[in-house]
Amino acid sequence: MERTARPERSTRTTRRGKILGREPRGPFLNFLLDSIFWVIFYHVSIQCVPVSYPAASGYGTQSIRLGKDAIKDFDCCCLSLQTCQDPVMTPDGFLYEKQAILEYILHQKTETAKKMKAYEKQKQAQKSSSRLESKSEEREKVERFKTRENSIVSKPINPFTTGLNQGGEKGRTDSSSAQSSSSAASVASSSQSLPSFWIPSLTPQSKPTLLKKPSKTVLCPMSGRPIKMNELIPVRFTPLDPSLDRVALLTRQDRYVCAVTRDVLGNSVPCAVLRPSGTVVTLECVEKLIKKDMMDPVSGDKLSDRDIIPMQRGGTGFSASGVDLRAKEARPVMQV
């Protein structure tokens, strides 16, 4: 039997027909299928990558959660973020490297001295300008008085003229003086107004910014409270292994322990510093042992509540550590 040849299919197929393995059904159906495909693709991509689109657009407040690597250790300086070699602590519990905090205090004092000199210079300039203004005002008063005196004209009375003529002459002189005064006022007003904005000598100028009197108090970079050199407390950490040198000690994760209970110190362990000896102990040791007799276990000095300073620790990667682990950056928002 002879086979009948099938009619050849049209080679023109759309992308949707290739994907589905079917022939095109018509322009409207193809448009509808394409629309459904792109809508499904858009929603699936939004669900898979929820942050990529806002972050790439650059609009809106961006937020990210910080990990443990972004938080400093409890024995690191708040300025240099490095492990302290000679640690000192402020009365607020912030730990600093001694060299770093002293350089910061000296730098702030020198900056304050520079600002004070600039403020005194501005004050002297204001005094001199006020003196010049007062002198110029006195000169203007004298000039006004002279112009008023010169404008007074006394004419001899003619006995042979009648009173009517004298009144007419007086009216003419009054009218001429009024005209002259009005013309002078118009000239003054025209000189005060700006005839052209593009003339450099007549364009308005901005006044210099006035400096405020700087404060001589040096503030703590972390707490914002006043800080003094004599208020810094030396801190003495107890190493876990006294036989290790400093380089070997810094390479270990567990470096220091409590001076009393020998518990390992870290960001997850609340600590406190005893002011008389500078010893670092845990708050659990303070609550259970030290507060019973209020005695420094190292130096033997009497303690008060003011002598027990809680250390501001760096925190951990967990949200319960008391540290804000979410960083935000405000950006402009597109509003319709």
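Ala272 has Val281 in E8 as its bridge partner. This is a predicted model, where local features need pLDDT of at least 70, side-chain atom pairs count only at pLDDT 80 or more, and totals for chains, interfaces and linings use all residues. Residues are numbered from 1 along each chain as its sequence is written, and side-chain values use heavy atoms, with hydrogens and water left out.

Start with the strands. Strands (E, at least two residues) and helices (H or I, at least four) are DSSP runs, numbered from the N terminus. Two strands pair if DSSP finds at least two bridges between them. E7 and E8 pair antiparallel over 3 bridges. Their hairpin has 5 residues between the strands, and Gly278 there takes a positive phi near 75°.

Now turn to E9. Strand E7 (residues 271–274) is joined to E9 by 3 bridges, and the two run antiparallel. Here Ala272 stands opposite Pro310.

Together they form an open sheet of 3 strands in the order E8-E7-E9, with antiparallel pairing. Strand E8 (280–282) and strand E9 (308–310) are the edge strands, and each pairs on one side only. The twist averages 35° from one strand to the next. Angles run from 0 to 180 degrees between N-to-C directions, with axes fitted as lines to C-alpha atoms, for helices over the stretch in contact (heavy atoms within 4.5 Å).

Next comes the packing. Helix H7 (residues 283–293) lies across E7, E8 and E9, at about 90° to E8. In a regular strand the side chains alternate between the two faces of the sheet. Both faces of E7 are covered. Cys271 and Val273 on one side are buried, as are Ala272 and Leu274 on the other. Buried means under 20% relative accessible area (1.4 Å probe, protein chains only), exposed over 50%, and partly exposed in between.
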